[in-house]
Amino acid sequence: MKKRIFSGAQPTGQLHIGNYLGALKNWVALQDEYEAFYCIVNLHAITLPQDPASLRKATFDLARIYLAAGVDPTRSTIFIQSDVPEHAELAWTLSCIARMGELERMTQFKDKGKGNAERAGVGLFTYPILMASDILLYQTDLVPVGQDQKQHLELSRDLAERFNRDYGETFKVPEPYIPKAGASIKSLQDPEKKMSKSDENAAGSIFLLDEPDAIARKIKRAVTDSGTDITFDDSRPAITNLLTIYRLLTGKTDDECIEHFAGKGYGHLKTELAEIVVEFLRPFQERVKQYDDEALMQILKPGAERARSIAANTLSTVYERMGIAQV
Ligand code: ATP
Ligand code: MG
């Protein structure tokens, strides 16, 4: 039996190169070795206000992005979270064993809630419990995510262990898979911050559907560090970030990248990087257009059915262990 992986992205705004390098690229690489479940987590998206028509469209567009990135529906299960109601049901159950204190420690809540607990949505606060449900329903072995999700994944593990301790072995305790390079691609405008879909400043992100001109302009205007050497160096996060994107898209090693840019200036790096990104995204964007609504339904409907058959099993065991009667 193959081990299982589960991961997802939110249909909030447009996916960026950080989502691709930190998550999607690894989803594709892992789908042979593992039995993979890739979810479009639309219930997570509403933790912040969304325009309904845009959210619906973004949900299907995200499926197109998964496919264009190379997720293969004949090998991996692709589905929409809300098509499998067990996600929300298990989230309720787990919210009864999660503790306020552990959720209060989640840094993403502090960031996205802008530190204002009085005004922040309850869903934003309990979001990590829904994420734990997403993962635990599938008895997941491995969860490929970016660095920003590490804390949430630790909470998923804690909830699984607590449930198993109190009600008997029920959930597999999942391991994170966080890539060594690319796990936290930074904003081009502020290398202290990760690139984010929900960042108000679009100049900080290279979106997967950006036009070549926009890509070149954003890279050209990216902030740089003091000094002139082009090397990987934690004390110079802006250049390290650009070089990391270059390295991951070209498949070169660190040393090859450093050698390649030896004696060259930042301008040179930016020009070359822009070309590499544009050439990488061109065929990607062509592939996104290939899937019409009909083709998507042919993938998402059986995906939801398959996911549901597994999720229902897990939820039924959970209810039985907890004494929630099912007739
Ligand atoms: P939002 O701002 O709406 O939360 P996001 O950019 O964080 O959007 P998500 O849909 O929350 O994107 O995350 C999808 C996946 O992409 C997750 O595995 C997450 O860890 C990863 N990811 C997000 N941002 C980055 C980044 N800057 N670098 C690498 N991986 C990232
Ligand atoms: Mg996020």
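The model is predicted. In a regular strand, side chains alternate between the two faces of the sheet. Strand β2 (residues 35-40) runs parallel to β3, and 5 bridges join the two. Within this pairing, phenylalanine 79 of β3 is the bridge partner of cysteine 39.

Two helix pairs were also examined. Packed helices are described by the angle between their axes and the distance between the axes. Helix α7 (residues 122-136) packs on helix α8 (residues 150-167) at an angle of about 65 degrees, with the axes 9 Å apart. α7 is therefore roughly perpendicular to α8. Their crossing is right-handed. From α7, the contact draws on Tyr127, Pro128, Met131, Ala132, Ile135 and Leu136; α8 contributes His152, Leu153, Leu155, Ser156, Leu159 and Ala160. Of the residues in this contact, 10 are nonpolar, 2 are polar and none is charged.

Helix α4 (residues 86-95) and helix α13 (residues 293-322) cross at roughly 25 degrees, and their axes come within 10 Å. α4 is therefore roughly parallel to α13. The crossing is left-handed. Here Glu86, Glu89, Leu90 and Thr93 of α4 meet Arg308, Ala311, Ala312, Leu315, Val318, Tyr319 and Met322 of α13. The contact of α4 with α13 comprises 7 nonpolar, 1 polar and 3 charged residues.

Notes: Residues numbered from 1 in each chain as written. Chains lettered and ligands numbered in written order. Predicted model: local features only at pLDDT ≥ 70, side-chain atom pairs only at ≥ 80, totals over all residues. Heavy atoms only, no water. Pairing = 2+ DSSP bridges. Helix = DSSP H or I, 4+ residues; strand = E, 2+ residues; numbered from the N terminus. Axes fitted to C-alpha atoms, helices over the stretch in contact; angles between N-to-C directions. Parallel < 35°, antiparallel > 145°, perpendicular 65-115°, else oblique. Left-handed = near helix turned anticlockwise from the far one by under 90°. Contact = heavy atoms within 4.5 Å. Nonpolar A, V, L, I, M, F, W, Y, C, P; charged D, E, K, R; others polar.
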